[in-house]
Amino acid sequence: MLKQVLFTFIVVIAFTQTTLANDFPPDTSKSEMVYDMPEQMPEFPGGSDAMERFIIDNIKYPPLAKEKRIQGKVYVQFIVEKDGQLTEIKIRRGAHELLDQEAIRVIKLMPEWKPGSMRGRTVRTRYTVPITFALS
């Protein structure tokens, strides 16, 4: 009798879990996963030297920051999407609001990147760029 009750209980639990599992949509988050260190990191068109040149050519030291002699390094983080677009641009570690805003502005000007890849497939990748503001 105890074996039959235990067996019935296990069957009911298994059926309930199967039914509940079918009520929820499949987990698609893995296809949208953001990698921090894929096999092949994303790349600015022309490489890191070209990115440095792009930043130097496009950065405009904020006049008020220059006047107040504000300097520092701003770390801007973003996602390089599978199509090379940059999204979710934000300050990872800022120096000053004026410098932070300028760093974001320059990152938003960037062209599409070569996306990162994992096992031969393009993936979304988190990337951080440091931008140094220094007065001479």
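## Residues of strand β3

Glu 88 lies in strand β3, where strands (E, at least two residues) and helices (H or I, at least four) are DSSP runs numbered from the N terminus. The model is predicted, with local features requiring pLDDT of at least 70 and side-chain atom pairs counted only at pLDDT 80 or more, while totals for chains, interfaces and linings use all residues. Residues are numbered from 1 along each chain as its sequence is written, and side-chain values use heavy atoms, with hydrogens and water left out.

The phi of Glu 88 is positive, near 50°, in a residue other than glycine. Most residues other than glycine have a negative phi. Because its relative accessibility is 52%, Glu 88 counts as exposed; buried means under 20% relative accessible area, exposed over 50%, and partly exposed in between (1.4 Å probe, protein chains only).

Thr 87 also belongs to β3, which spans residues 86-93. With 26% relative accessibility, Thr 87 is classed as partly exposed. Leaving aside residues up to four places away in sequence, Thr 87 touches Phe 78, Ile 79 and Glu 81, contact meaning heavy atoms within 4.5 Å. The C-alpha atoms of Thr 87 and Arg 126 are 9.6 Å apart, although 39 residues separate the two along the chain.

## Strand pairing

Strand β2 (residues 72-80) pairs with strand β5 (residues 121-133) in the antiparallel sense over 9 bridges; two strands pair if DSSP finds at least two bridges between them. Within β5, Val 129 stands opposite Val 76.

β2 also pairs with β3 in the antiparallel sense, over 5 bridges. Tyr 75 has Arg 93 of β3 as its bridge partner. The hairpin of β2 and β3 has 5 residues between the strands, and Gly 84 there takes a positive phi near 95°.

Arg 119 sits in the loop between β4 (116-118) and β5. Its phi is near 50°, a positive value in a residue other than glycine. At 68% relative accessibility, Arg 119 counts as exposed.

## Packing of α2 and α4

Helix α2 (residues 48-58) packs with helix α4 (residues 97-109) at an angle of about 125°, and their axes are 10 Å apart. Axes are lines fitted to C-alpha atoms, for helices over the stretch in contact, and angles run from 0 to 180 degrees between N-to-C directions. The two helices, α2 and α4, are therefore oblique to each other; angles under 35 degrees count as roughly parallel, over 145 as roughly antiparallel, 65 to 115 as roughly perpendicular and the rest as oblique.

From α2, Phe 54, Ile 55 and Asn 58 meet Glu 102, Arg 105, Val 106 and Leu 109 of α4.
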